[in-house]
Amino acid sequence: MSPTEILDRYHQCSGRTSDVFPFWLHASGQCSYEMLVNRTSEAHTGDARILDLACGDGYFLNLLWEKGFHHLTGSDRSGAELEAARERLTSAVRLDRADAHRQPYDDRSFDLVTCHMALMLMKPLAPVLTEIARILKSGGRLIALVPRPLLDPVMDCYREALQTVCAETGLKPLQLGDPQLSRRNAATRLLEACGLGGEVRLEDLVVQRSGSVEALWNAMAASYDVFRLPTTARTRLRQRVSAKWRTLSSDGDSLTCRMGLRLITAVRMEGRDPSPQ
Ligand SMILES: C[S@@+](CC[C@H](N)C(=O)[O-])C[C@H]1O[C@@H](n2cnc3c(N)ncnc32)[C@H](O)[C@@H]1O
């Protein structure tokens, strides 16, 4: 299966992201969705026109609605995710099935484009950023959360076991999205080249999840890496990871796992149209 096929099959079942991410908490007590809502509230008032790009099942849009943002649009390319979003949200929220590379909106339609845990899946990324710049008003903002590498013993155990099981299964490591996004300087240069070079900020954050070995496995099992494994390989990975994790736990079962996130903010530069990529 190609990365695109893996993504599309994974999202034939809706809500896997919003099942998992509310339980990964920042030191402030907020989950990543809540952090993104707060950043939105700090920068914008309720009359802002907002697009949530790759909105999934609408979990984040619903939080924005509850916070008083009522000019909301969501787009995603998964029909199943959008159906779940339609059920969750008031009909006042516009939802469109579209690929991020070709958005069905007029130039300068939005004050803000948000994107929770999805930009890192998009390849090539430059045309997506150019589309975002096109549909943002001058001075409009992109606020996006993406994962970033972070050393953590519990996560490292999982990654090592995953590598071993993939090698045993004859699978190459899964490479989703554009690698430029995971390198700070490259990401900044790319944003600038695509017309989003104003006030670029990349803020590194950590969220963590505590729980039993089983609860943490269930969180990892929701990843694209585990999803694409054949059932026998998945079972082997679970056994291997669970055994390693138990050795790390002080009581043989409870653990805390940390995950790195990066909050990207950038502003559509005044008076400059993005260069076509
Ligand atoms: C990890 S989920 C995040 C969903 C939602 N933002 C959330 O956090 O709950 C990634 C989403 O990106 C969507 N997606 C991935 N690539 C896309 C693309 N090129 N265009 C539009 N949507 C895309 C998937 O369909 C999926 O809904």
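Me: What should I know about the model before reading values from it?
Reply: The model is predicted, so local features need pLDDT of at least 70 and side-chain atom pairs count only at pLDDT 80 or more, while totals for chains, interfaces and linings use all residues. Residues are numbered from 1 along each chain as its sequence is written, and side-chain values use heavy atoms, with hydrogens and water left out.

Me: How are α7 and α11 oriented to each other, and at what angle do they pack?
Reply: Helices (H or I, at least four residues) and strands (E, at least two) are DSSP runs, numbered from the N terminus. Axes are lines fitted to C-alpha atoms, for helices over the stretch in contact, and angles run from 0 to 180 degrees between N-to-C directions. Angles under 35 degrees count as roughly parallel, over 145 as roughly antiparallel, 65 to 115 as roughly perpendicular and the rest as oblique. Helix α7 (residues 153-169) packs with α11 at an angle of about 150°, the axes being 9 Å apart. The two helices are therefore roughly antiparallel.

Me: What is the handedness of the crossing of α7 and α11?
Reply: A crossing is left-handed if the near helix is turned anticlockwise from the far one by less than a right angle, and right-handed if clockwise. The crossing of α7 and α11 is right-handed. Contact means heavy atoms within 4.5 Å. Among the α7 residues that make this contact are P153, V154, C157 and Y158, and on α11 they include A233, R236, L237 and W245. By class, the contact has twelve nonpolar, two polar and five charged residues. Here Ala, Val, Leu, Ile, Met, Phe, Trp, Tyr, Cys and Pro count as nonpolar, Asp, Glu, Lys and Arg as charged, and the others, Gly among them, as polar.

Me: At what angle do α9 and α11 pack?
Reply: Helix α9 (residues 213-221) and helix α11 (residues 231-248) pack at about 135°, with axes 10 Å apart. That angle makes α9 oblique to α11. The crossing is right-handed. On the α9 side, V213, E214, L216, W217 and M220 take part, meeting R234, L237, R238, S242, W245 and R246 in α11. These residues divide into six nonpolar, one polar and four charged.

Me: Which residues of α3 and α4 meet?
Reply: Y33, E34, L36, V37 and T40 of α3 meet Y59, F60, L63 and L64 of α4. Seven of the residues in this contact are nonpolar, one is polar and one is charged. The helices pack at about 45°, with axes 10 Å apart, which makes α3 oblique to α4. Their crossing is right-handed.

Me: Which residues of α4 are buried?
Reply: Buried means under 20% relative accessible area, exposed over 50%, partly exposed in between (1.4 Å probe, protein chains only). In helix α4 (residues 59-66), the buried residues are F60, L61, N62 and L64. They pack against α3 (32-43), β1 (49-53), β2 (71-76), α5 (79-88), β3 (94-97) and β4 (110-116). Just after α4, G68 takes a positive phi of about 105°.

Me: Is R39 buried or partly exposed, and what does R39 contact?
Reply: R39, in helix α3, is partly exposed at a relative accessible area of 22%. Leaving aside neighbours within four places in sequence, R39 is in contact with I143, R201, E203 and L263. R39 and T265 are 226 residues apart in sequence, yet their C-alpha atoms are 9.4 Å apart.

Me: Where is A187, and what does A187 touch?
Reply: A187 is in helix α8 (residues 184-193) and counts as buried at 5% relative accessibility. Residues up to four places away in sequence not counted, A187 touches Q180, L181 and L202.

Me: Which residues does the cis peptide bond join?
Reply: The cis bond joins K123 and P124, with omega about -5°. P124 is in the loop between β4 and α6 (126-135).

Me: What is the phi of R108 and of M117?
Reply: R108, a residue other than glycine, has a positive phi near 55°. R108 is in the loop between β3 and β4 and is partly exposed at 38% relative accessibility. M117, not a glycine, has a positive phi of about 55°. M117 lies in the loop between β4 and α6 and is buried, with a relative accessible area of 9%.
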